[in-house]
Amino acid sequence: MENSVIVIGGGISGMTAAGMLALQGLSVTLLEKEKETGGHLARWDRLFPDRRKASEVLDFAREGMKRVNLVTGVTVTDISRQGREFTVVINSPIPNPQSPTPDHETVLKARALLLATGFDLFEARKKEEYGYGIYNNVITSADLEDRFKLKKGILTSEGKIPARIGIVHCVGSRDEKVGNLYCSKVCCVTGVKQAIELKEMLPAAEVFNFYMDLRMFDRHFEELYYEAQQKWNVNFIRGRLSECAENPDGSIIVKTEDTLTGKPFKITVDLLVLLTGFVPAGSTGDIAGMLGLVTGTDGFINSADSHIMNNSTDIPGVFVAGAVKGPISIGEAIADARAAAIQLAIYLNSPTPADD
Amino acid sequence: MIDFGYTITKDRQLDYDRGDMRYYRLVQSLEPSVDVCMECGSCTATCSAGQFTEFNIRKAHTLIRRGNTESIKAELRKCMFCGKCQLVCPRGVNLRNLILAMNRAIELLG
Amino acid sequence: MKLEGKRLIWNEYQKEIADDNYFYVRSCVRQNFFPAAEKTFLRYMKEFGKNVFENPSHTTCSGIGYHSDIVPIETAMTMVARQFALMTESGYENFVTSCITSFGLYTEILDTWHHFPEIEEKIRVHLRNATGREFVKPKNLAHASDVTFKLRKEISKAGKYRLVNQNTGEPIRVVEHIGCHYSRMFPSKGVGGAEYPYVLVGMIEEWGGEVIDYPERRHCCGFGFRQYLIKANRGYSISASKKKFESMKPYKPELILTNCPGCPMFLDRWQYTISEMEGITYGEKGQGIPVLTYEELAGLILGYDPWDLGLQVHQVPVEPLLDKIGIPYDPERKFLDKDENSIGKPKSPSFLKFY
Amino acid sequence: MIKFNLFVLPFSLGLIYVVYSIVIHYYRWIKSLPAVDKVKLANGLRTPSKVLASLKEIFLEGLIHRKLWKRNPLLGYMHMSFALGWFLLIVMGNLESRIYHGAYINAPYYPIFLKFFIHDRLVLFFEIFTVPAFFRFIMDFLLLFVLSGLGLALIKRKQSQWFGLKRTTNHSFFDRVALSCLWMIFPLRLLAESYTAGYFGGGGGFLTQNLGNLLIKISPGPAESIAYIFWWSYSLALGLFFIMMPYSRYMHIPSELLLIIFRHCGIQPKKWGSSFSDLELHSCSRCGVCIDACQLNFAAGISDIQAIYLIRGQRDQYVPENIAMTCMLCGRCQEACPVGIKVDLLRLIKRREIGSGQVSDFSYLTQSYPGFAEVVYFAGCMSHLTPSIHIAMEGIFREAGVDYLFVDRGGSTCCGRPLMLAGKDKQSNELIEFNKTLIRQTRARLLVTSCPICYKVFREEYNLPIRIQHHSQYILELVREGKIALQSQHRKVVYHDPCDLGRGGNVYDAPRELLRKISDLMPVEKECADALCCGGSLGLMNTTLQKKDEVTRNALQFLLAGNPDILVTACPLCKKTFVKHSKTEVRDIAELVHDAIPGRQIRKIMDPQKAEAAIP
């Protein structure tokens with residue numbers, strides 16, 4: 001009890017932070033709503049920019065969690081704070097219950113909380129004009145990553161090898177029409193990575209990336225873009241997808257402006273991949289509500305300070321890590337989770353403030 | 001045919017499906033560095049010819065890339081070949097040869 | 001195409017449509033374009049026992065002037081306020097428009113007043129000063145196609161014919177074209193939303209036809225107000241229609257169904273103009289693709305005489321469609337008026353097969 | 001009495017063929033000369049001094065191979081042994097045959113196969129001073145001389161660096177056949193003569209007789225038959241060589257003779273090609289010197305586009321476009337060519353063929369009134385990307401109090417040379433005319449440019465009635481006239497010769513003299529006519545940036561070997577190219593001069609008005 005921490009969210013941020021905290025001798029419980037840990041990372045086949053296997057990163061994070069008390073398949077239903085102690089209620093009994101309650105609820109106590117509830121992928125159906133869920137050959141980047149993982153090849157819904165593939169950037173990002181003004185940051189590089197992977201698998205296919213800006217913000221990203229152009233001959237069309245339509249043969253007509261020539265641009269593709277962006281996880285809002293935490297207009301949690309206190313919140317003892325604060329890459333999430341773990345440990349080791 | 005006093009306008013749309021990609025493929029084989037253009041426009045900004053007339057080498061090459069060569073055939077004749085574009089290109093595109101290759105493609109393919 | 005995906009969206013855009021007691025306002029232009037369409041609407045509404053009221057004092061909503069940048073918005077609002085006053089005075093609260101542009105303008109104005117009540121107040125003052133009238137905003141605003149959509153099952157049940165090729169048993173392939181001002185500005189105000197409007201799709205499905213989803217489905221018919229109204233701009237108008245025809249051509253449509261005053265006019269007449277300008281015809285055997293309004297189609301389904309529906313004023317001949325569905329018609333009566341006098345026979349076009 | 005044997009036929013037929021072929025070639029080259037060149041040729045051949053000079057050069061270059069001696073003695077000796085040795089063998093053989101045959105006209109094969117027909121008795125030692133024995137000795141000696149060359153040629157195949165060649169030519173099929181024949185001729189002659197001398201026990205000299213005796217001892221067999229086989233082989237080798245000659249590089253032997261005569265008669269190559277250029281093509285011996293001179297070869301590893309391959313392709317009527325287009329046109333190979341072939345021009349002729357099908361449209365250019373001045377300054381397109389150069393030049397103009405006009409201040413209309421380098425001469429004429437009008441309007445007496453590319457084309461193509469100077473020449477003149485005083489900064493500098501200024505414009509001394517006045521000029525390994533190209537050449541059409549970078553880095557290694565403080569050049573393009581890779585400061589000579597004007601910095605601070613005026 002004295003030094004117990006509850007980490008909410010078993011994605012890469014939560015796993016990393018939990019592991020780091022446990023290494024420092026703290027008693028850590030990690031709560032995950034799914035049956036397995038890993039979050040979105042578990043859906044990835046290979047990571048940008050070096051295309052290393054996502055499973056390696058996941059295995060590393062799981063390895064670090066040996067001393068973490070892992071509770072999966074549970075949802076947090078209530079959180080309350082009494083001084084420096086938190087009471088967390090979850091909705092299902094845990095295997096070795098401390099205080100079982102009759103209505104399948106379990107009450108946990110902790111000195112500090114770490115929120116790592118991450119993000120949800122933007123629901124591509126909301127962009128009705130793109131036809132996701134309506135046109136058979138419109139898929140999302142996550143669907144594509146699933147197919148990469150299955151290693152069964154890339155085929156259209158008609159079972160043909162696609163000759164032309166479109167990749168649409170900024171789906172659900174930078175788009176007031178779906179209420180998301182922000183940039184999801186990692187889609188650009190994901191799009192370029194997936195374009196290269198598609199070319200590796202289907203060298204004869206033409207791949208088109210429809211982008212507004214290419215935000216190659218991190219090291220080796222720009223080089224990946226260069227490689228996509230030079231080695232793989234991926235085409236980049238600067239213009240946001242306006243609308244799609246389906247041809248009788250199932251192929252997709254894509255309409256954008258080619259802003260580089262200032263003309264409307266039309267192309268038929270056999271497969272269209274939508275790079276869906278980040279939206280705050282549904283559970284983030286719930287938990288923020290329970291704690292009275294402040295979220296931004298975008299729905300992500302605001303940290304206490306965007307530069308120097310970006311793992312703390314306005315509530316003492318409540319910390320945040322990873323995509324719960326906004327779009328972030330895997331590498332950044334791991335670094336952020338480690339920083340959060342240190343911040344949290346320092347907090348637990350500091351003497352109790354008199355007024356708290 | 002009846003003259004109604006107006007005409008059916010041609011679509012401004014770049015229809016890639018109907019684009020003639022032979023030109024670009026030939027250009028690509030003659031000057032492979034064209035692939036790495038990132039459309040920054042520094043070539044057009046420094047262009048000697050561009051100071052005296054509307055000549056946009058970035059756009060012209062992009063139109064060929066989109067399979068729309070017709071509109072730029074006359075444009076490409078404006079290049080003075082001085083090579084400034086090539087010196088400023090951040091991606092190292094061999095622009096002089098690119099222009100040569102585009103003209104060559106037009107010469108060979110009509 | 002995943003229909004269930006579309007259904008998900010259609011479910012999201014359900015619209016409330018009043019059951020009965022409609023205050024019906026006509027369109028300015030439809031009575032000239034396809035004169036029997038509104039008459040047919042009133043006819044089947046009556047047959048289904050619905051109460052539809054028309055007020056002879058009704059005027060234009062001024063939408064056509066507003067969209068041509070001739071009538072300022074405040075004037076348009078005051079005009080619309082007057083129509084509402086007529087409704088209020090007639091004791092109705094369910095407003096039904098025949099015109100899509102009117103529907104769009106009414107929707108736009110009601111939305112504006114909702115967000116800016118001070119404007120509504122100002123307009124009330126204008127109306128009072130100009131006419132001394134007062135109005136209550138309609139409780140329900142619908143387009144006549146919404147009402148017909150609501151009745152589609154009854155029409156189907158009472159109908160004599162179905163949208164099925166009686167020779168092959170195959171459903172008739174129908175292109176649906178929604179007027180731009182129906183739901184594009186306010187997706188939630190149209191049945192099925194803006195991207196996949198369901199209002200006509202629902203009728204076609206219910207009456208046995210097959211809906212064609214073609215790439216330029218969203219494209220404007222080309223009317224575009226100033227594009228047609230100014231002769232020098234008509235090239236844009238006809239080009240837009242041509243783009244649609246070219247796009248739907250591979251799907252071999254047998255019928256175009258519309259719910260707007262302008263669309264059937266231009267999709268019908270431009271087929272003739274394109275054929276005369278470029279020698280191109282669409283549809284089977286150079287006969288063009290017949291274009292109908294939903295009222296005309298409902299009338300056909302219900303077994304009304306085609307010539308009573310005014311189908312003889314269509315540029316693209318409808319006879320091939322009637323033959324397919326198996327609707328009998330008397331070719332001799334095509335160009336006779338209601339008193340059996342000849343109304344004159346048009347000259348046969350050079351390319352489009354007319355008779 | 002006519003001596004004849006069937007085996008002389010291959011040789012004789014070959015000889016007839018090659019003589020016929022050479023005559024036809026000569027006839028065509030002369031016949032298709034432009035009229036003006038024909039007059040020059042006729043006049044030249046009537047001028048004894050020119051004929052003598054031609055003969056002297058033919059002797060020195062064709063037989064002695066003076067230029068190759070200068071390049072590498074081993075290489076020179078090898079070529080001399082073949083050319084001079086064979087030539088003397090023919091001359092001496094003819095003289096020798098006259099001893100045995102009184103007729104004035106011998107069958108051509110007779111001296112060649114003399115030892116087959118004549119079998120002298122064994123020569124005693126004291127008889128060495130008799131005439132036949134003298135010839136026997138001299139013929140054997142010459143044969144040995146040629147064979148020594150052959151030995152070297154074999155060694156060169158493996159150890160070309162001993163001959164000053166890093167890379168040897170990649171030969172064509174015909175060249176290989178001809179080469180094989182050539183290499184076989186002399187060993188076969190040796191064997192044939194030796195076996196014959198051994199069998200008959202006489203008739204040979206110190207080499208053939210002794211070798212013959214030895215061979216007979218080693219393999220007594222049917223020596224006469226063996227000898228006969230060798231005579232056949234010898235004749236076949238000669239005959240085949242002659243037949244191959246017009247199709248192989250050995251055509252250069254007769255071609256070069258005519259080329260030397262043409263040159264001495266003052267015949268020049270033509271811009272769009274003429275039979276002179278065709279003759280040049282045939283005069284290339286494919287020695288491979290141009291490969292070594294080429295920076296694309298030794299710095300960037302591109303070894304299939306050099307002059308030799310271009311010329312060979314031209315002769316074979318097929319040049320892949322990339323060979324014509326991949327060349328910096330720096331002129332280094334031209335400078336090194338032992339035959340003196342104007343290689344760059346040949347390449348440009350090919351580029352003109354390729355480029356002539358395309359059109360340009362410069363109708364958008366409109367003249368505007370430029371103003372008047374004593375001196376018109378044309379910075380050039382490239383200088384606009386290196387503004388420090390034209391800023392320095394303007395400072396110098398003002399310092400010297402010159403009435404000047406910066407005519408392309410608002411942006412240059414290209415001088416036309418870049419188009420010419422791409423083979424678009426016709427298209428460049430429009431630009432040339434435009435700039436000519438512009439320059440003429442200024443009524444200036446002197447045109448100064450900062451760009452060697454412009455400088456070259458202004459001088460060669462513009463036909464302007466005024467003086468044209470590169471800024472390095474002009475500044476030197478200002479200094480000499482005392483219009484500007486300079487103070488040396490005593491910094492260690494090296495000077496890089498821009499191709500178009502040095503080899504292209506023959507301006508080597510002016511920049512060096514100027515630099516000595518303002519700095520401590522250090523020598524570099526390759527300079528002046530041997531200077532390296534920076535790699536930024538506008539002549540190079542289709543090479544990757546990476547390859548160009550390799551050329552630049554390699555050139556910098558030579559230039560910066562002595563650790564100078566500053567790398568000075570006189571070309572905006574060289575400067576821009578070097579800056580990318582040089583850790584040492586790179587400056588234009590004008591900038592250095594500008595800095596060397598005493599008190600310039602101080603005056604700028606002290607006199608704000610003047611300082612303001614100094615800001616362009």
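Modeller: Begin with a helix on a sheet. This is a predicted model. Helix α3 (residues 141-150) of chain A lies across β11 and β18 (271-276) of chain A. Its direction makes about 115° with β18(A).

Biologist: Which strands does helix α4 of chain A touch?

Modeller: Helix α4 (residues 187-201) of chain A packs on the sheet and touches β12, β13 and β18 of chain A. The angle between α4(A) and β12(A) is about 170°.

Biologist: Now the sheet itself. How do I read its pairing, and what is the strand order in chain A?

Modeller: The general idea: strands of a sheet pair through backbone hydrogen bonds, either parallel or antiparallel. Here the sheet is open, with five strands in the order β11-β18-β12-β13-β14 (chain A). The pairing is parallel.

Biologist: Why is one side of β11 and of β14 in chain A left without a neighbour in the sheet?

Modeller: β11 (138-140) and β14 (235-238) of chain A stand at the edges. Each has a single partner strand, so one side of each has no neighbour in the sheet. From one strand to the next, the twist averages 25°.

Biologist: Take one pair. How many bridges join β12 to β13 in chain A?

Modeller: Five bridges join strand β12 (residues 164-171) of chain A to strand β13 (residues 206-211) of chain A, and the two run parallel. For a residue to look at, take A:V168, which stands opposite A:F210 in β13(A).

Biologist: Next, chain contacts. How is the size of an interface described?

Modeller: Often it is given as the accessible area lost when the parts come together. Here we can count residues instead. Chain A has 14 residues in contact with 13 residues of chain B.

Biologist: Which element gives the most to the side of chain A that touches chain B?

Modeller: β17(A) gives the most, with six residues. The elements giving two or more residues are α5 (221-230) and β17 (263-269) of chain A. By class, this side of chain A has five nonpolar, five polar and four charged residues.

Biologist: Which strand of chain B does β17(A) join?

Modeller: Two bridges join β17(A) to strand β1 (residues 14-15) of chain B, and these strands run parallel. A:F265 has B:L14 in β1(B) as its bridge partner.

Biologist: On to chain D. How do I read a helix pair?

Modeller: Look at the axes, then the angle. Helix α5 (residues 73-100) of chain D and helix α8 (residues 131-158) of chain D have axes that come within 8 Å and cross at roughly 155°. An angle over 145 degrees counts as roughly antiparallel, so α5(D) is roughly antiparallel to α8(D). The crossing of α5(D) past α8(D) is left-handed. Their contact divides into 20 nonpolar, five polar and two charged residues.

Biologist: At what angle do α9 and α10 of chain D pack?

Modeller: Helix α9 (residues 173-200) of chain D and helix α10 (residues 208-218) of chain D pack at about 70°, with axes 7 Å apart. That makes α9(D) roughly perpendicular to α10(D). The contact includes D:L190 and D:Y195 of α9(D), and D:L211 and D:I216 of α10(D). By class, it has seven nonpolar, six polar and one charged residues.

Biologist: Finally, domains. How is chain D divided?

Modeller: Into domain 1 (66-247), domain 2 (272-355), domain 3 (375-480) and domain 4 (492-596). The C-alpha centres of domain 2 and domain 3 of chain D lie 30 Å apart. Their contact takes six residues from domain 2 of chain D and five residues from domain 3 of chain D. The domain 2 side has three nonpolar, one polar and two charged residues.

Note on methods:
Residues are numbered from 1 along each chain as its sequence is written. Chains are lettered from A and ligands numbered from 1 in the order in which they are written. This is a predicted model: local features need pLDDT of at least 70, side-chain atom pairs count only at pLDDT 80 or more; totals for chains, interfaces and linings use all residues. Domain bounds come from an automatic or database domain assignment. Two residues are in contact if their C-beta atoms, placed from the backbone, lie within 7 Å. Ala, Val, Leu, Ile, Met, Phe, Trp, Tyr, Cys and Pro count as nonpolar, Asp, Glu, Lys and Arg as charged, and the others, Gly among them, as polar. Helices (H or I, at least four residues) and strands (E, at least two) are DSSP runs, numbered from the N terminus. Two strands pair if DSSP finds at least two bridges between them. Axes are lines fitted to C-alpha atoms, for helices over the stretch in contact, and angles run from 0 to 180 degrees between N-to-C directions. Angles under 35 degrees count as roughly parallel, over 145 as roughly antiparallel, 65 to 115 as roughly perpendicular and the rest as oblique. A crossing is left-handed if the near helix is turned anticlockwise from the far one by less than a right angle, and right-handed if clockwise.
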